[in-house]
Amino acid sequence: LAKGHQQNFKIISFGKTYEYMASKKPILGLVPFSDVKDTLECYKNAYICDPYSISDIKEQVKKILNDWKNNSFKEIDEDFVLQFDRKLLTQKLAQIFDEISL
């Protein structure tokens with residue numbers, strides 16, 4: 001997941017972030033300080049670095065390779081990921097529509 005210091009970088013879209021988290025696999029997040037960064041930290045199995053720091057990116061890739069070799073990836077927070085499930089969110093939205101249409 002790569003997001004540079006774009007104009008309005010604090011309002012980066014979460015769409016792909018949610019899809020990557022749904023895969024329940026490690027994520028290499030090249031993201032600036034933003035809500036996406038905070039979300040990836042809560043996911044727990046993310047390797048986050050400054051998108052413009054080659055040394056930081058290199059260090060995170062080394063960590064990923066080391067964790068892969070040692071089969072020691074962090075456990076994800078299943079409940080955290082589940083709250084972004086599209087089917088669950090759609091169901092909640094439908095309930096809200098049902099409540100306001102009565």
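Is Lys24 buried, partly exposed or exposed? With a relative accessibility of 44%, Lys24 counts as partly exposed, because buried means under 20% relative accessible area, exposed means over 50%, and partly exposed is in between (1.4 Å probe, protein chains only).

Before going further, a word on what you have on screen. This is a predicted model, where local features need pLDDT of at least 70, side-chain atom pairs count only at pLDDT 80 or more, and totals for chains, interfaces and linings use all residues. Residues are numbered from 1 along each chain as its sequence is written, and side-chain values use heavy atoms, with hydrogens and water left out.

**The overall layout**

Switch to a cartoon view. Helices (H or I, at least four residues) and strands (E, at least two) are DSSP runs, numbered from the N terminus. The protein has 102 residues, and 30% of them count as buried.

**Two loop residues with a positive phi**

Go back to Lys24, in the loop between α1 and β1 (27-30). Lys24 is not a glycine, yet its phi is positive, about 60°. Most residues other than glycine have a negative phi.

Now select Lys44, in the loop between α2 (35-43) and β2 (46-49). Lys44 also has a positive phi, near 80°, in a residue other than glycine. Lys44 counts as partly exposed because its relative accessibility is 42%.

**The salt bridges**

Next, turn on the side chains. Searching the whole structure gives four salt bridges, each one a side-chain nitrogen of Lys or Arg within 4 Å of a carboxyl oxygen of Asp or Glu.

Start with Lys16 and Glu19. They form a salt bridge whose closest N and O atoms are 3.3 Å apart. Both residues lie in helix α1, three residues apart, or about one turn of the helix. Lys16 is partly exposed at 47% relative accessibility, and Glu19 is partly exposed too, at 38%.

Arg86 counts as exposed because its relative accessible area is 55%. Show the three residues at once, and you have Lys16, Glu19 and Arg86 linked in a network of salt bridges.

Then move to helix α2 and pick Lys37 and Glu41. Their closest N and O atoms are 2.6 Å apart, in a salt bridge. Because they are four residues apart in helix α2, about one helical turn separates them. Lys37 counts as buried at 16% relative accessibility, while Glu41 is partly exposed at 42%.

**The largest pocket**

Which residues line the largest pocket? Select Tyr18, Glu19, Met21, Ala22, Lys24, Val81, Leu82, Phe84, Asp85 and Arg86 to see its lining. The elements giving two or more residues to that lining are α1 (15-22) and α4 (78-82), and α1 supplies the largest share, four residues.

Color the lining by class, and you get six nonpolar, no polar and four charged residues. Ala, Val, Leu, Ile, Met, Phe, Trp, Tyr, Cys and Pro count as nonpolar, Asp, Glu, Lys and Arg as charged, and the others, Gly among them, as polar.

The volume of the largest pocket is about 150 Å³. On a 1 Å grid over the protein atoms alone, a pocket is an open set of points with protein on both sides within 12 Å along at least five of seven lines, and lining residues have an atom within 4 Å of a point. The volume is the space filled by probe spheres set on the points, which are joined across faces, edges and corners.

Helix α4 also holds Glu78. Between the C-alpha atoms of Glu78 and Ala22, 56 residues apart along the chain, the distance is 9.5 Å.

**Last stop: a nonpolar patch**

Finish by selecting Ile100, in helix α5 (residues 86-100). Ile100 is exposed because its relative accessibility is 64%.

Conventions
On a 1 Å grid over the protein atoms alone, a cavity is a set of points where a 1.4 Å probe fits but cannot get out, and a pocket is an open set with protein on both sides within 12 Å along at least five of seven lines; lining residues have an atom within 4 Å of a point.
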